[in-house]
Amino acid sequence: MANLKQDPNFSFMLVGMLITLVLGPVLLELGVYNKGVTIQAALTITLIVGVWSIVDSRAWFWTGVTLAVVSAGASIAEFLWPSFLVVSVGLVTIALFCFFSIAFTFNQIARSGSMQITTNRLVGACSVYLLIGLGFGVLNMLIEVFLPGSYKGLDPDNSGSVGIDLIYFSFVTMTTLGYGDIVPIRPLAQAAAYMGAVAGQFYIAVLVAGLVGGYVSQKIMENDQDDAH
C-alpha cells in the first residue's frame, strides 16, 4: 500500500468532474432529476473516482478514502432520511475534497523538478481549473443551506436545481462573464463570489506563466542536447 501508484493519473479526475458537471443538467432536461439526491450522488461519484487520481502515497490515499466514505454515507442517508444535518455533512465533505484535491493536483503539476510538459500534466491543469469552479459551487451551496436567500435569482419552488444553478453561478463568476441572472446579496455570498473570481483569474495567470516557462525550459534543454551531439 505504501506505493500504490508511480504517478498520479489525472484523467480519472477530469472525466469524473466532466460527468458531474454535465449529468445534472441532462437529467434535469429529461425530467428524471431527483431533487436533493442527484447532485449529491454525482459529486460523491466524482470524489470516489478522484481518489484514484491522488493515490501516489498512503497519506493522500487514506485522506481521500475517508472523505469518499463519509460522502457516500451522506448520499445514502440523504436519500433515505433527508435532513439539514445530512445535507450539510455531505456538502462539507465534498468541499473539503475539492480544495484538498486542488492543493494536491497543483503541487503535482507545478513541482519544480518536473518542467516537462506532458499530456497528464495538462490534464491535471484542466482538472485544477474545474475543481476551483466546482469547489466554489459547493461552497455557494453551503452558504445557501446555512443562510437561505443569500442568492437572488434562484427558483425557490425548484429546490432540486439550486445546486446546479449555484455551480453554474460559480463558473460564470470565475470566468468573469457575470450574466447577472443570479446575484449574491448577503455579505458571505458576495465574499465567496469575489474570492472565486480572484482564484479563477489568478490560476489562469499562474498556469499560463508555468506552461510558457516549462515550454521554454524544455526547448532550451533540447537545444543544449542537440548542441552536445
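User: How are helices and strands assigned here?

Analyst: Helices (H or I, at least four residues) and strands (E, at least two) are DSSP runs, numbered from the N terminus. This is a predicted model, where local features need pLDDT of at least 70, side-chain atom pairs count only at pLDDT 80 or more, and totals for chains, interfaces and linings use all residues. Residues are numbered from 1 along each chain as its sequence is written, and side-chain values use heavy atoms, with hydrogens and water left out.

User: Which residue takes a positive phi just after helix 6?

Analyst: Thr176 does, at about 60 degrees. Thr176 sits in the loop between helix 6 (162-174) and strand 2 (183-184).

User: Is Thr176 buried or exposed?

Analyst: Buried means under 20% relative accessible area, exposed over 50%, and partly exposed in between (1.4 Å probe, protein chains only). Thr176 counts as exposed because its relative accessibility is 51%. Helix 6, by contrast, is mostly covered, with 11 of its 13 residues buried; among them are Leu166, Ile167 and Phe169.

User: And how do I read a nonpolar core?

Analyst: In soluble globular proteins, nonpolar side chains tend to be buried together. A nonpolar core is a set of buried Ala, Val, Leu, Ile, Met, Phe, Trp, Tyr and Cys residues joined through side-chain atoms within 4.5 Å. The largest one has 37 residues, and Ile132, Tyr151 and Tyr203 have the most contacts inside it. Helix 5 gives the most to this core, with 13 residues.

User: What is Tyr151 in contact with?

Analyst: Contact means heavy atoms within 4.5 Å. Leaving aside neighbours within four places in sequence, the partners of Tyr151 include Leu166, Phe169 and Pro184.
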